Amino acid sequence: MCGIIGYVGEREVAPIIFSGLKKLEYRGYDSAGIATVHNGKICIKKDSGKIDDIHSRMNLKNLPGCLGLGHTRWATHGGVTRENAHPHTDCSGEIVLVHNGIIENFQELRKLLKNHDFESETDTEIIAHLIEEEMKRGNDFVEASKSALKKIVGHYATLIMSKNDKRIIAARRGSPLVIGVGDKEYFPASDIPAFIDYTKNVIYLQDHDFVVLDKKGPKFFSLLNGKEIKREVSTVDWDAEQARKGEFDHFMLKEIIEQTETIQKAINQSSDVIKEVAEDIKNAKGIFFVACGTASYACMTGSYVFSKIAKKHINVVSGSEFPHFEHFLTDRTLVIEVSQSGETADTLDAVKVARRKGSKVLSIVNVMGSSLTRNSDKCLLTQSGPEICVLSTKAYTAQIALLILLAYATAGKLEEGKKQLKELYNSVYDLTALSTREHLKKLGEKLKNKDHMFTIGRGLMYPTALEAALKLKEVSYIHTEGFAGGDLKHGTIALIEGGTPCIVFVSKDTENDIISNAMEIKSRGGYIIGVGSENNEIFDYFIKVPESDITNPITHIIPMQILAYQVALLRGCDPDKPRNLAKSVTVR
Ligand code: M6R
């Protein structure tokens with residue numbers, strides 16, 4: 001959570017940091033701030049609220065100098081107030097910094113720093129005071145920063161400046177940090193979109209890296225042994241245009257529509273690599289899919305697909321629960337981690353659990369160079385391009401597409417899997433067309449004032465029902481619960497009353513049973529919305545999707561993504577930045 005960006009170079013810094021923060025807003029958007037160093041002075045502007053609102057109050061671009069840093073916050077320690085907004089300084093006003101992560105021993109450290117004046121309730125401010133303390137002992141800015149960071153338990157990506165220095169210190173442990181490499185200018189940041197307008201060349205930092213940056217270039221050190229180290233420059237294969245909204249009002253809609261392309265890109269993997277992973281799956285004794293949120297519903301879908309196509313049992317465990325399964329892991333177990341960002345803390349922790357037991361770790365990730373790509377034995381990239389909207393849409397369908405391919409490859413029928421997925425192109429095109437969007441807007445009008453909704457599905461359509469419920473609730477704030485079709489009658493049906501909407505996912509193989517379940521709801525006054533290939537007299541509203549068997553989880557979810565988007569707009573919610581959420585959940 002939280003996004004940070006810094007800049008050293010020759011340009012005016014504040015507009016660069018401002019535009020970078022706008023691109024990082026998906027990581028957190030409850031407060032923001034920028035600090036620059038100019039003529040031996042630190043200048044700071046910060047406040048609570050969204051960046052644009054803060055900017056309209058205090059012109060964030062109007063800060064002097066060519067050296068600066070900024071932060072967009074998702075609160076963890078301390079409320080959403082100006083005082084808790086980053087950047088933070090020490091007592092003397094010499095050090096200024098921003099931080100993304102959590103300092104676990106901050107209460108302990110705060111007790112040790114009892115003579116210092118703290119302005120905020122954040123864990124971050126501790127770092128500034130620790131550096132101040134080290135400087136009082138005679139250490140220079142760089143050495144003091146190294147010593148301070150070594151005292152921290154927890155994780156961080158941090159950028160630090162001193163009013164008496166023309167350098168930025170960048171360091172990471174557990175939170176993402178990359179450096180954009182320009183011509184005599186450098187952009188340390190949480191994520192590439194922050195600087196993609198300026199450069200496609202990046203250096204991915206690794207845990208315990210400590211970098212001293214000036215416009216002549218970076219110097220890398222390891223905080224583990226203090227030695228100087230080398231880091232390679234790589235070039236990203238997507239451009240600034242992909243990280244822009246373009247003609248769309250919101251990234252959410254842009255990313256939903258992009259699925260025509262992204263699903264095809266996801267399956268455009270080397271057959272050799274897919275077959276290699278399929279061999280790992282065949283040889284493993286015990287397989288786990290591990291992920292969080294939407295990615296975990298992709299995994300659940302994957303487990304049904306593997307059962308049906310490859311006759312393989314796969315355990316699906318949420319990242320945060322995975323440590324409780326440690327006893328089942330051996331050096332023959334295969335752990336497959338799925339994540340859009342590759343930075344989700346709970347998913348990354350699962351890698352550590354797997355490593356402790358000697359299990360092999362494979363990953364399916366969207367963001368190249370992310371922590372998960374670097375910590376896995378093998379990695380398949382979903383290649384969806386940047387997903388900026390906080391809600392996962394195109395990454396989800398790409399994950400499912402890859403899992404379907406893997407299941408077919410495990411069954412020795414990779415080409416058949418590819419064929420099924422290629423055939424999706426036209427369906428996805430139709431499902432995202434304007435006419436479909438208008439049809440779903442009409443439904444949105446009927447749903448926008450509801451307090452509760454339900455979604456049901458059976459078999460492959462069950463995880464789809466769960467994902468549809470998540471999409472609807474996280475962006476429209478209407479309470480929506482997903483259930484296996486047969487489960488509602490075991491209690492929750494008590495909540496159905498006149499007009500309660502229930503979205504029913506119908507596939508050919510589950511049709512009879514799910515329609516019976518829909519009848520049970522209809523008999524109690526429920527408003528039935530059918531999603532399937534054929535209309536039925538019990539449906540009050542019908543959303544037509546093609547019947548595509550194993551790829552139904554893709555075709556049936558797309559209208560739900562659009563519906564969630566429409567309901568959000570009709571209720572005046574921001575689809576790209578829902579309240580209380582952040583794109584990468586880097587806290588436990
Ligand atoms: O980056 P990841 O795929 O690991 O993220 C996992 C979840 O945090 C994410 O899918 C979350 O549930 C989204 N809000 C879903 O739209």
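Good morning, colleagues. What I present is a predicted model, in which local features need pLDDT of at least 70, side-chain atom pairs count only at pLDDT 80 or more, and totals for chains, interfaces and linings use all residues. Residues are numbered from 1 along each chain as its sequence is written, and side-chain values use heavy atoms, with hydrogens and water left out.

I begin with the domains. The protein chain is divided into domain 1 (3-241), domain 2 (245-422) and domain 3 (433-574); these bounds come from an automatic or database domain assignment. The centres of domain 2 and domain 3, taken over C-alpha atoms, are 25 Å apart. Between these two domains, 28 residues of domain 2 are in contact with 26 residues of domain 3, contact meaning heavy atoms within 4.5 Å.

Next, the sheet. Helices (H or I, at least four residues) and strands (E, at least two) are DSSP runs, numbered from the N terminus, and two strands pair if DSSP finds at least two bridges between them. Eight strands form an open sheet with antiparallel pairing, in the order S3-S2-S4-S1-S10-S9-S11-S15. Its edge strands, S3 and S15 (234-235), each pair on one side only.

Ser31 faces Ser48 in S3. The two strands form a hairpin with two residues between them, and Asn39 in the turn has a positive phi of about 50°.

Finally, the ligand. Which residues come nearest to it? Of the 14 around it, they are Ser339, Gln340, Ser341, Thr344 and Glu474, where a residue is near if one of its heavy atoms lies within 4 Å. Polar contacts here are pairs of N or O atoms within 3.5 Å. A polar side-chain atom of Ser339 lies 2.6 Å from a ligand oxygen atom, a polar backbone atom of Gln340 is 2.7 Å from a ligand oxygen atom, and for an N or O atom in the side chain of Thr344 the distance to a ligand oxygen atom is 2.4 Å. Taken alone, the ligand exposes 420 Å², of which the protein buries 90%, by the Shrake-Rupley method with a 1.4 Å probe. Helix H9 (293-310) and helix H16 (461-476) are the elements giving two or more residues to the shell.

Note on methods:
Polar contact = N/O pair within 3.5 Å; in protein donor to acceptor, adjacent residues only side chain to side chain.
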